Every structure is written in C-alpha cells, then in structure tokens.
Amino acid sequence: MQPTTTIIVRPWNAATLILRITIISLVIITGYAFTTFNTRGVDFWAGVDMLGSNFSALLLTPYLKNITFDVMVHNLFITIGLGFLTTIFGAAIALGLALLAAQNLAPRWLTIIIKGLTAFVRAVPTVLWVLIFAVSAGLGSVAAVLGMTFHSAGYLIKAYSESFEEIDNGTNEAHKASGANWLQIVFKAVLTSSATALLSWTFLRFEINFSTAIAMGAAAGAGGIGYDMFMASGFYLNLHEMGAFTYAVLAFAIVLEAGATRYKASLSK
Amino acid sequence: MHKLDFFTQKRLSFGLFVMVLIVLTYATIIFTEYNVAKGFTSIPKAVRWATANFYPDAAAIKKLPAILAKLSDTILMSVASATVASFFAFFVAIFGAQTTRINVWFSVFARGIATVFRNIDVSAWALILLFSFGQSSFTGYFALFFVTFGFMVRVLIETIDEVSTDSVEALRATGASYFAIITQSVIPSCLPQLVSWVLFMIETNIRSATLVGILTGTGIGYSFDIYYKSLNYNAASLVIVVIVISVSAIEAVSNWIRRAVL
C-alpha cells in the first residue's frame, strides 16, 4: 500500500486567524445588539409594513406645500453654499498647518503636536462642534460654519500632510542641494507635485460637507434645505413634501458624485 | 504673436484659479449671509467660554454610568447596521460586478439602487424613517443601514472587479460552476478587503449615530442633547470626552486588524 500524505491547501496563519476572529466577533456583537434595541413600544413589523407605503408616498408622489419651488431651490443653494464655504475655509487653514504637520518638512516635535490636536478635532463629531460654537455664537449659520470649518480643517490637515509625505524625496533634496530655502521648496517642489492629490481630497471633503450642511440644518438650526426637511418630518408630518426635498438633495449629490468619478477617470488616463 | 514662456503661463493659470476661488467665496458669503466679523470674534469667545464652563466636574462624573450605557447602545447599533448591511451588500455586489454578474440589467439596477441609498444623507434618512419607526432604535438602525448598504455595494463592486478577475477567469476555464467560482475564488479573495471596509463603516457610523441620535432621541447623541439643552455643560463635556476616547480606541483597534489582515 502506498503511504498517503495530506497536503494542506490553505494553511492557517495569523492573518486568516485574525480575519476569522474579527468576523465571528462582529456577528456575535450584531446578534447581541438586536436584543438591546430600545423599541419604545414601536412594533417592528408594523413599521416595516408601513415602510412600503411611506416610500411610495415619498418617491412617487412628491409635491411642495409649505414653501414654493423657488424657495426650495434657494434653500438648496444655501446648503451648497455652506458646504462650499466651509470647504474653502477648512482647506485654507489646512494648507498652512499641513506643511507643519508633514514629517519631511517640519521638525518631529511639531508634527506630533499638530497631528495629535487634529486627531482630537476629528474624533468629535461635526454636529457637536457646531453645538459647542452655538453657545457663544448662537444657533445659526455662524456656528455651523465655524463648527464645520473646524472639522474640515482637522480632516484636511491629515489628508494633506499625508500627501506631502508621499511625494518623491529626490525633488526636495535636489532643491535643497541647489540652495533653495524652505519656502522655495514648498512652493516649487511640494505643492506642485502634490496638487492633484490636494484637489481630490478637497473635492471629497466638499461632498462630505454638503451632506453635513443638510444635517446641520436639521439638527443645529443652520437653515437651508436641511431645516426644511426637519420641518416636513417633525412639524408638518408631510411625506410628500419630504419627497420633493429628497429629490432635490439627491439630484445635487449625484451630480457631485458623477463629477468626482469623471475627475478620477481623467487622472488615471 | 509672442508666446508666453512655460513658467509665466503656469503662474497665470494658477493666479486665475485663485482669483476664481476668491470671487466664488465672496459671492457665497453674501448669498448665505454669513457674518465674517462675527465668525472671527466668536472663536475667542468660544474658547473663553469653553475653558470656564466646558469641563467635566464631580457632579458630571456621577452621570458616567448612564452615559456609558447610552454609548454602548450607539456602538452596538453602529456595529449591527454596518455588519448586516455589508452582508447584504456583498450579495448584491456579486450580482452587480462586471466579473461575476449574471445579467447586465440587474447590474445596472443594483448600481442605481446603491447610488440612491448612499446619496441621501443619513440625517435625511433618519427624518424619513421617523415616519415609520417613530423614536425607536429601529429608525437610527435603518438610517445607518441604508447609507452603509449603498456605500458598500459601490466599494465591493470595485473590489470584486479589482481583486478576483484573474482567478475567476482561471476557474471558469477549468469548467467550475458559478457557485464554486463564488465560494472558492470571489469570497476568499475579497474577504480581507470586505472586513477592512466594514471596520471603516463602523467608525463612520459611530460619528453619524451621534447625529442621528440627536434627531431621533436615541443613544449617546440623545444624552448630549439632553445635557446641552438643560445647560448642564459639565455633563455634556463628559459626553464628548467619552466619545473621543471610544472613537480613538475603535480606530486604533481597526487599524491594528487592518494591518494584520491586508
């Protein structure tokens, strides 16, 4: 008889072990989570049942009741404007600070301080920054712009400084060897070779800030179409009007996403 | 005509770009009626207020158990919605990806649905779902579920097309069945990426859940909202400290898992 040998097709290693443990823990946590849900007397299946008719009211029969079409478009552009403004302000702040946070451009102690501070700024959700600023500035566009700018700057400092760290060190060294000072290196080597990366991060942040601006209108009194949605949902209880707002927001978000996709495609050509 | 040299041309186009941005920014400031001066003066005011009032004190620490209970609600909801939505999204992505699709029209349909789901903001979903589920945990759960689902379908379609095209082709050449191709090639090769994206969505969902909680009255967002509106800023600041610690901890754990798995 021939001796048999077993060939292990997929040997176990640390990566597969950690992968399995992660998946199993996620499943267990999820199962446990469902037992802790606070139902507040709401019947789950009745809600699911209602979901169908609510969706058809929302998506198939949208109409405006409490505001006109022109006002809706105006408010949509207010939201877009808040998203744009906070992205520009955040980018302007981030551009300066990211240079001081990049390991190849600034002393180590400084990068650690700035990176630590921005990690803290990013860990606090945007809505809480807005509410914190609202105590001294009052609820409204000023608090919303400040809070969103804060969070955008934190996010972009991280993204920008990582883009700076990724650039080819040879260009830097060539400039340094030819006697260029720090500012000349920044403007002639660093910013020019990372420009496309900076632009894509900024555009991504604009997409995020647009949806955050909707949320701030709903949760922090920042106005715009988010506030209209909040009123339609919590005050007028009008799903049809909610549907009209949803379409308006969706239309702009899809335009943004298509723009980002085309930009990405043009870069990889 | 005299042709401008390379550097002058570059400088001109860069200057034009900056000019357009400045004009657009100025126009937006006027349109949104944003008060620039008030914006600047509010920052030192906020800092002064925060250092004087916004720190956890002894009375706030006593509320810690209640805050931690709400935090665990929020984290559990984020994990559950990210996991279940990713599970469904993976199936839809398999039928939607170019490598493994069964039907072109289903692929178009899947991508379309995913686009709608992810482009409606999570706060808008919460406001819509309030009509069906009221102020229960289900509202927040489904709001996070829909957005995660839309996002995951998109990234998983890209992952499948990127990671498994070659091995699917190889298996197809050996005459393997569709089912065998999926279970032996697509799922094992995409699993690390899938887990990495699920972890990313859990992080995102915890931040969103705070916002959704303010709108729907659940979880850690609700505790912050209550303390904030009752002007109990010491307790509200403790909520923020707790959020920062948990978000950073979850980020650290998922970064560690990602490094080990990918």
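The buried residues of α5(B) are covered by elements that include α10 (239-268) of chain A, together with α4 (64-96) and α7 (137-163) of chain B. Helices here are DSSP runs of H or I with at least four residues, strands are runs of E with at least two, and both are numbered from the N terminus. A residue is buried if 20 or more other C-beta atoms lie within 10 Å of its own, exposed if 12 or fewer, and partly exposed in between, with C-beta atoms placed from the backbone. The model is predicted: local features need pLDDT of at least 70, side-chain atom pairs count only at pLDDT 80 or more, and totals for chains, interfaces and linings use all residues. Residues are numbered from 1 along each chain as its sequence is written, while chains are lettered from A and ligands numbered from 1 in the order in which they are written.

The buried positions of α5(B) are A110(B), A114(B), F117(B), R118(B) and N119(B). Helix α5 of chain B has 16 residues (104-119) and should span 22 Å at 1.5 Å a residue. The expected span is 1.5 Å times one less than the number of residues. The end C-alpha atoms lie 23 Å apart, which agrees.

F95(B) belongs to helix α4 of chain B. F95(B) counts as partly exposed because 15 C-beta neighbours fall inside 10 Å. Leaving out residues up to four places away in sequence, F95(B) touches R101(B), I102(B), F106(B) and A110(B). Contact requires C-beta atoms, placed from the backbone, to lie within 7 Å. F95(B) and A110(B) are 15 residues apart along the chain, and their C-alpha atoms are separated by 8.0 Å.

The contact between the chains takes 65 residues from chain A and 62 residues from chain B. On the side of chain A that touches chain B, helix α1 (residues 14-36) gives the most, with 14 residues. That side divides into 49 nonpolar, 14 polar and two charged residues. Ala, Val, Leu, Ile, Met, Phe, Trp, Tyr, Cys and Pro count as nonpolar, Asp, Glu, Lys and Arg as charged, and the others, Gly among them, as polar.

Chain A comes to ten helices and zero strands. Its radius of gyration is 25 Å, well over the 18 Å that the globule rule gives for 269 residues, so chain A is more spread out than a compact globule. The radius is taken over C-alpha atoms, and the rule is 2.2 Å times the number of residues to the power 0.38. Along the principal axes, the C-alpha atoms of chain A fill a box of roughly 80 × 70 × 40 Å. Buried residues make up 40% of the 269 residues in chain A.

Notes. Two residues are in contact if their C-beta atoms, placed from the backbone, lie within 7 Å.
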